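Please read it beside the sequence and the 3D structure shown here.

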Amino acid sequence: MRTYICKSCGYEYDPEQGDPDSGIAPGTPFENLPENWICPVCGVSKSEFEPA
């Protein structure tokens, strides 16, 4: 699974870790994140991420 980086703040979404604070379980690929998921650091939308 590929990691994705927030273009605004540099946060790296690692699918192996997920985003437990937002209810995203470990093992969740970026493509399967809900459309309304936002960067947990700066709050931008999923569309502001690019593959690492």
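Trp37 counts as buried, at 4% relative accessibility, where buried means under 20% relative accessible area, exposed over 50% and partly exposed in between, with a 1.4 Å probe and protein chains only. This is a predicted model, in which local features need pLDDT of at least 70 and side-chain atom pairs count only at pLDDT 80 or more, while totals for chains, interfaces and linings use all residues. Residues are numbered from 1 along each chain as its sequence is written, and side-chain values use heavy atoms, with hydrogens and water left out.

**Aromatic rings**
- The rings of Tyr13 and Trp37 form an edge-to-face pair, because their centres are 5.6 Å apart and their planes stand at 70°; rings of Phe, Tyr and Trp (its six-membered ring) pair if their centres lie within 6.5 Å, and planes under 30 degrees apart count as stacked, over 60 as edge-to-face and the rest as tilted.
- Ring pairs link Tyr4, Tyr11, Tyr13, Phe30, Trp37 and Phe49 into a cluster.

**Cysteines**
- The whole structure has zero disulfides, a disulfide being a pair of cysteine sulfur atoms within 2.5 Å.
- Cys6 is in no disulfide, and the nearest cysteine sulfur, that of Cys42, is 3.7 Å away.
- Cys39 is likewise in no disulfide, with the sulfur of Cys9 the nearest at 3.7 Å.

**Thr28**
- Thr28 is buried, with a relative accessible area of 17%.
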